[in-house]
Amino acid sequence: ESLGDHRAKAEKMFGLMDGFLKNDPVSLQKDIVYHVEYTVARSRFSFDDFEAYQALSHSVRDRLIERWHDTHQYFKKKDPKRLYFLSLEFLMGCSLSNSVINLGIRDQYVDALGQLGFEFEVLAEQEGDAALGNGGLARLSACQMDSLATLDFPAWGYGLRYQYGLFRQIIVDGFQHEQPDYWLNFGNPWEIERVQVSYAVKFYGTVEEEVSNGSNYKVWIPGETVEAVAYDNPIPGYGTRNAINLRLWAAKPSGQYDLESYNTGDYINAVVNRQKAEIISNVLYPDDRSYQGKELRLKQQYFFVSASIQDIIRRFKDVHDNFDEFTEKIALQINDTHPSLAIIEVMRVLFDEEHLGWDKAWDIVCKIFSFTTHTVQPEGLEKIPVDLMGSLLPRHLQIIYDINYKFMEELKKKFGQDYSRHARMSIVEEGAVKSIRMANLSIVCCHKVNGVSRVHFELLKTRVFKDFYDLWPLKFQYKTNGVTQRRWIVVSNPSLCAVISKWLGTEAWVRNIDLLAGLRDYASDADLQQEWRMVKKINKMRLAEYIETLSGVKVSLDAMFDVQIKRIHEYKRQLLNVLGIIHRYDCIKSMNESDRRKVVPRVCIIGGKAAPGYEIAKKIIKLCHAVAEKVNNDPGVGDLLKLIFIPDYNVSVAELVIPGSDLSQHVSTAGHEASGTGSMKFLMNGCLLLATADGSTVEIIEEIGADNMFLLGARVSEVPALRDQGASVRVPLQFVRVVRMVRDGYFGFKDYFESLCDTVENGKDFYLLGADFASYLEAQAAADLAFVNQEKWTRMSILSTSGSGRFSSDRTIEEYAEQTWGIEPCKCPF
Ligand code: F58
């Protein structure tokens, strides 16, 4: 059947080209009411906001499903090279607003609901975040899915459907406590359960030899089987009919019954044991720093990898009867090393099960896999103890050893007897705990290794993976991260969106971000400036209301809203920010009346979660609260300074806070932030940056110019020398003074804060807070000065937005498509 026939048939069946759901307000209303009555099963004469939200989401979901079906039909017909994006984490946030915007039917829904007596925004607030990830890496995956769909790439995302997402942070007496995020409690309208799409995933057991057709083969006899069930999440593109799929796997007891235990008569125990299978996809690991080599974590990785690879090979085999075209049809991207077992799994399937022979299988593997690393810290590199790997995945361990053996042979040929080099590069690390280095494995097997910013790339080449770069310089590339302007401007900042479209005379920038540069011409235009400030004011009002509801603190809209929101880490230096606030407080306290009148009022906002086991990060959160308590209640300070800690930072909170910020801080010690993506969201929203020259900030400087932001601190190249100076590094007196205030118990909790103070004094200041403090204060003073001149400030703000084009994930994805994956758009024509 040709495409034309298919379309003719569809038109005849439904009398429509657009599919059969109509989007006029009356049809939408009927639809919503239908879902109230039959899906939510509430009376159409009586339902509350949450039930209305559920019905509304189901009505949107129907429209998503239509496009998603059409897209996949079309992909199937065209059989283009597909990209499979494997990630253990996706931070999707909320779906409703984003979906109606990408589907282009928001206004229609607003009308339809208005006539029913509901407000779209109020219903949208009923939704909870899907938080299946920790931080930057996970949100990046979500932004990239949006771009893949929008740019019509034939892509699939694969991940894990955790029952519990990232913990909820609650604050009790200023201390962080973690609560489970049982996000599926009230159902999830954005997923489609596919009970019929399921695969058996095996663990443990032994490896045996088998002879077949005169050759010896290894056969893995597994000891445990768990079922992986697919849950599909449609991802709509903007301005296109394409909607791609994010397939998340949930663990269920295997359909293959363990007859043995049933026959022993212990029926109850046998059933209870079966339920243990579900543990695998129960909970997301909340540590965003290091790996602990836990069995459950490895199980999660292999579970998701095995199901995804089975699914991918099944789809390929549906239309191909040999593997000749495998490398022309499939690109597999692994998001950091967490899914890197996929490489070994493909090798195992092709070699052990498909009997392609080692060389052929290896050739295929090396052509299809590419990987991106998101870290610069050595402790961020994943290592798996050999014993653990050998017990859970015995055959995989053998294959890893075989790959490593051949790799070591290659090294010997190339570098002779340079044993220390061999030891550094080996996939297997000898040591107290013999381990598999997942990054080395990934570099050896992938055709491309990508960094996430230029600075990161330089560090990979010269430090982290230097030996590998010397061996294979062409394997290494970088793609500077980007974020999607659909979520980070259109969804989260509708007022700014309207102003931009008005001044550019088009909405085309939503798909083509380069057009934002057109705003540069009007950066000094008084009318645009006035509208720009009005937008900021509206957003600051929303944020101020939120702050008041949370904390009871009333903040002044005339103050500069100075924001730092991200995971709490020593290297991200929230402590530098808090010490700066203490300094500001200290100064205000000692001022006379005439000096006080010159102070630019500030609302300092900090938000972020600490990994549950990260003691120092938790102390930083407590310090924020202790300082806030003192400052916010000091009548002598009033509106000149407020400190607000926003609890439970997540994607939705970011959508509210970013548009309402004047200034945002990205002050990691240079050389530690691989890229950073929060800064890009602030930039798009016209917030000025106060930042170190780290990660992608270096590229932001190139786009908007150093004089449109507030730069501070040592550069990447200066950091090693400063560290070498240890205790003799120059530290300003103000720094000594503010740390002393904390130590002496000025904010209470004297003993508790002692170990926190120890991390920045006595030659132990690894992240160089003391060394950068003077420069930090200067940058803050420059920000104050600029804020007084509102014309100047607004101009800088407009130039920030207009210079943010390079930081769209659309650009990043185009680069990956061309330079790494070799895929082309495949646009659904109807
Ligand atoms: C982040 N990494 C980088 N890892 O820190 C950040 O600079 C970068 O912008 C971002 O990736 C996107 O490239 C990150 O978020 C994690 O959260 C891992 C989760 C699993 C455990 C180890 C950390």
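Predicted model: local features only at pLDDT ≥ 70, side-chain atom pairs only at ≥ 80, totals over all residues.
Student: Why is α7 called roughly perpendicular to α34?

Tutor: The axes of α7 (residues 136–150) and α34 (residues 809–821) cross at roughly 70 degrees and come within 9 Å. Angles of 65 to 115 degrees count as roughly perpendicular, so α7 is roughly perpendicular to α34.

Student: Which residues of α7 and α34 meet?

Tutor: On the α7 side they are Cys-143, Gln-144, Asp-146, Ser-147, Leu-148 and Thr-150, and on the α34 side Ser-809, Asp-810, Thr-812 and Ile-813. The contact of α7 with α34 has three nonpolar, five polar and two charged residues.

Student: How is the protein chain divided into domains?

Tutor: Domain 1 covers 79–94 + 129–480 + 817–821, and domain 2 covers 553–783. Their centres, taken over C-alpha atoms, are separated by 36 Å. Domain 1 gives 34 residues to the contact and domain 2 gives 28 residues. Among the elements that give two or more residues to the domain 1 side are α7, β5 (168–172) and α18 (454–464). That side has 13 nonpolar, 13 polar and eight charged residues.

Student: How do you know where the ligand lies relative to domain 1 and domain 2?

Tutor: Both domain 1 and domain 2 give residues to the shell around the ligand, so the ligand lies between them. The ligand has 18 residues around it, and Gly-136, Leu-137, Asp-288, His-374 and Ser-675 come nearest. By class, the shell has four nonpolar, 11 polar and three charged residues.

Student: What makes β21 and β24 edge strands?

Tutor: The open sheet has six strands in the order β21-β20-β19-β22-β23-β24, with parallel pairing. β21 (641–646) and β24 (710–712) each have a single partner strand, so one side of each is left without a neighbour in the sheet. From one strand to the next, the twist averages 20 degrees.

Student: What angle does the direction of α23 make with that of β21, and which strands does α23 touch?

Tutor: The angle is about 155 degrees, and α23 (residues 574–589) touches β19 (560–565), β20 (602–607), β21 and β22 (663–666) as it packs on the sheet.

Methods
Residues numbered from 1 in each chain as written. Axes fitted to C-alpha atoms, helices over the stretch in contact; angles between N-to-C directions. Helix = DSSP H or I, 4+ residues; strand = E, 2+ residues; numbered from the N terminus. Parallel < 35°, antiparallel > 145°, perpendicular 65-115°, else oblique. Contact = placed C-beta atoms within 7 Å. Nonpolar A, V, L, I, M, F, W, Y, C, P; charged D, E, K, R; others polar. Near = placed C-beta within 6 Å. Domains from an automatic or database assignment. Pairing = 2+ DSSP bridges.
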